[in-house]
Every structure is written in C-alpha cells, then in structure tokens.
Amino acid sequence: MIAPFGSSSTVPSISQPPQTILASPNARAAAAQKFEAMAISQLLKPIFATMGKADAPFGGGSAARQFQPFLIDAIAKSMEARGGLGLTPMIESALDAETAKPAAGSSPHLTVPSGATK
C-alpha cells in the first residue's frame, strides 16, 4: 500500500526549525549540493532558451522543448558533482553557522552595546 503524502518520517515538517532539519553534517552537505545544482541550472536556462529557434534538420521541435528542463537539470547536477562553481563549501559553512544559532523558541543571550539605553 502506498503511504499518503507527508506520512513518511523522512519528510520534515514545515514547522520544524532549520536547526532540526539540518542537524547532521550529511544533511547540510546534501542541501548545499542541491542548492548549487539548482543555481547552476538557473544559470544554464538562458543559454538553452536560444537553442532550437531555427528548425534544424536533426533536432529541435516540441519534444526537445518538453525535455529541455530535464537536460538542464542533468547537466547542472553533473557540473556540481565535478566541483561546480565552488559554492558548496560556502553554503555548507553558512548552514553550519545558521544551525549553530539558538532555536526560535529558546531565549538567546542578548547583549546591549555600551552607551545604549534600554
């Protein structure tokens, strides 16, 4: 039997803070890699937007336009797997810093700058 959408324990709840969803280093690394692949895909879209405008004898057409997003995503994932643009380490460090922050419900320690009034 197929489980209803959202019933899987692997699907994070929207109400969970990012500190919980990205608690493990592997989850942060995977999220950084997916984000970089998505960024590369967005950079490739304008390049492919001009392809197929002229009717070529061996390509183009409606089938090429329908499957173009899949091709762009495959190229972006392939580029990311081979080092990509170098964004993954920076994204990982930003996620590490974000998950190190206290959760929204906790009471963070606030410091008042010297000379400031309450």
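This is a predicted model: local features need pLDDT of at least 70, side-chain atom pairs count only at pLDDT 80 or more; totals for chains, interfaces and linings use all residues.

**Notes on the helices and the core**

Next I went back into α3 itself. I read off 21 residues and a reach of 30 Å from the first C-alpha to the last, close to the 30 Å expected at 1.5 Å a residue. I also found a kink of about 45° at Gln 68, shortly before the proline Pro 69.

Which residues of α3 are buried? I got Ile 72, Ala 76 and Glu 80. I then checked what the buried residues of α3 pack against, and found α2 (25-49) and α4 (88-100).

That sent me to the largest nonpolar core. I listed five residues there: Ile 40, Leu 44, Phe 48, Ile 72 and Ala 76. Both α2 and α3 (61-81) give two or more residues to this core, and α2 has the largest share with three.

Last stop was α4. With 13 residues at 1.5 Å a residue, α4 should span 18 Å, and I found its end C-alpha atoms 18 Å apart, which agrees. I noted Thr 88, Ile 91, Leu 95 and Thr 99 as buried in α4. These cover an arc of only 70° around the axis, so they sit on the same side of α4. On the face turned away from that buried side, I wrote down the exposed residues Pro 89, Met 90 and Ala 100.

Note on methods: Residues are numbered from 1 along each chain as its sequence is written. Side-chain values use heavy atoms; hydrogens and water are left out. A nonpolar core is a set of buried Ala, Val, Leu, Ile, Met, Phe, Trp, Tyr and Cys residues joined through side-chain atoms within 4.5 Å. Buried means under 20% relative accessible area, exposed over 50%, partly exposed in between (1.4 Å probe, protein chains only). Helices (H or I, at least four residues) and strands (E, at least two) are DSSP runs, numbered from the N terminus. The expected span of a helix is 1.5 Å times one less than its number of residues. The bend at a residue is the angle between axes fitted to the seven residues ending there and the seven starting there. Contact means heavy atoms within 4.5 Å. The arc is that of the directions from the helix axis to the C-beta atoms.
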